[in-house]
Amino acid sequence: GALMRDVHEIPVSVRGDLLLGAARLMAPMDFSYACRMLVDVVDSFNEFDSKMEKSEGWDETVESSGLSESFNLLIVGGASAVDINESITRLAAIDPGRVEHVLELLHDEKRQAAALSLVAGVRLDQAFQAPLKISTK
């Protein structure tokens, strides 16, 4: 309750990372609440990505010998990729279908592909750990 009301005071550039870590910690105690937090994570990432698309000044154009090339200068702070991967993996281990459904709402295709590949990895891991069912028909 109070956490989710106050979370929108956190700058959008780090909000998604922080919420994802909190969702990972909440999942073993209240997975439904963790999934609601995951929806806020996705909303935060989408808001941040939308702001970055609209902003100018994140690219630097370098010209040399008549050639011109743009380079993205954006370096985003927040959680490391390892933390993000661990959080998504832990959430998906509890209910991969529900986590996948939420992650499909990510607008950034690269971010979405990376997240969904983690869920797929969890599904494969779970499939190979399950005992084989052999039919004797």
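Helices (H or I, at least four residues) and strands (E, at least two) are DSSP runs, numbered from the N terminus. This is a predicted model, in which local features need pLDDT of at least 70, side-chain atom pairs count only at pLDDT 80 or more, and totals for chains, interfaces and linings use all residues. Residues are numbered from 1 along each chain as its sequence is written, and side-chain values use heavy atoms, with hydrogens and water left out.

**View 1. The protein chain carries six helices and two strands.** Along the sequence the pattern reads α-α-α-β-β-α-α-α. Of its 137 residues, 29% count as buried. Buried means under 20% relative accessible area, exposed over 50%, and partly exposed in between, with a 1.4 Å probe and protein chains only. A contact means heavy atoms within 4.5 Å. Among contacts with a separation of 6 or more, 60% come from residues 24 or more positions apart.

**View 2. Glu104 sits in the loop between helix 5 and helix 6.** Glu104 counts as partly exposed, because its relative accessibility is 41%. Setting aside neighbours within four places in sequence, Glu104 is in contact with Gln112 and Leu116. Its C-alpha atom is separated by 8.9 Å from that of Ala115, eleven residues apart along the chain.

**View 3. Helix 5 covers residues 96-103.** Its buried residues are Pro96, Val99, Val102 and Leu103. Seen down the axis of helix 5, they fall within an arc of 130°, so they line one face of the helix. The arc is that of the directions from the helix axis to the C-beta atoms.

**View 4. Helix 6 has a buried face and exposed residues on the other side.** In helix 6, Gln112, Ala115, Leu118, Val119 and Val122 are buried. Down the axis of helix 6, these buried residues fall within an arc of 130°, so they line one face. Glu109, Lys110, Leu124, Ala127 and Phe128 are exposed on the other side.

**View 5. Asp108 caps the N-terminal end of helix 6.** A side-chain oxygen of Asp108 lies 3.2 Å from the backbone nitrogen of Lys110. A polar contact is a pair of N or O atoms within 3.5 Å; within protein, one must be able to donate a hydrogen and the other to accept it, and residues adjacent in sequence count only if both atoms are side-chain atoms.

**View 6. Ala115 lies in helix 6, residues 109-129.** Ala115 is buried, because its relative accessible area is 4%. Not counting residues up to four places away in sequence, Ala115 touches Ile88, Leu103 and Leu106. The C-alpha atoms of Ala115 and Glu100 are separated by 8.4 Å. These two residues are 15 residues apart along the chain.

**View 7. Ser87 lies in helix 4, residues 81-94.** Ser87 counts as buried, because its relative accessibility is 2%. Beyond residues up to four places away in sequence, Ser87 touches Leu20, Gly21 and Arg24.

**View 8. Arg111 lies over the face of Phe45.** Arg111 is at 4.2 Å from the ring centre. A charge sits over a ring if NZ of Lys or CZ of Arg is within 6 Å of the ring centre and within 35 degrees of the ring normal.
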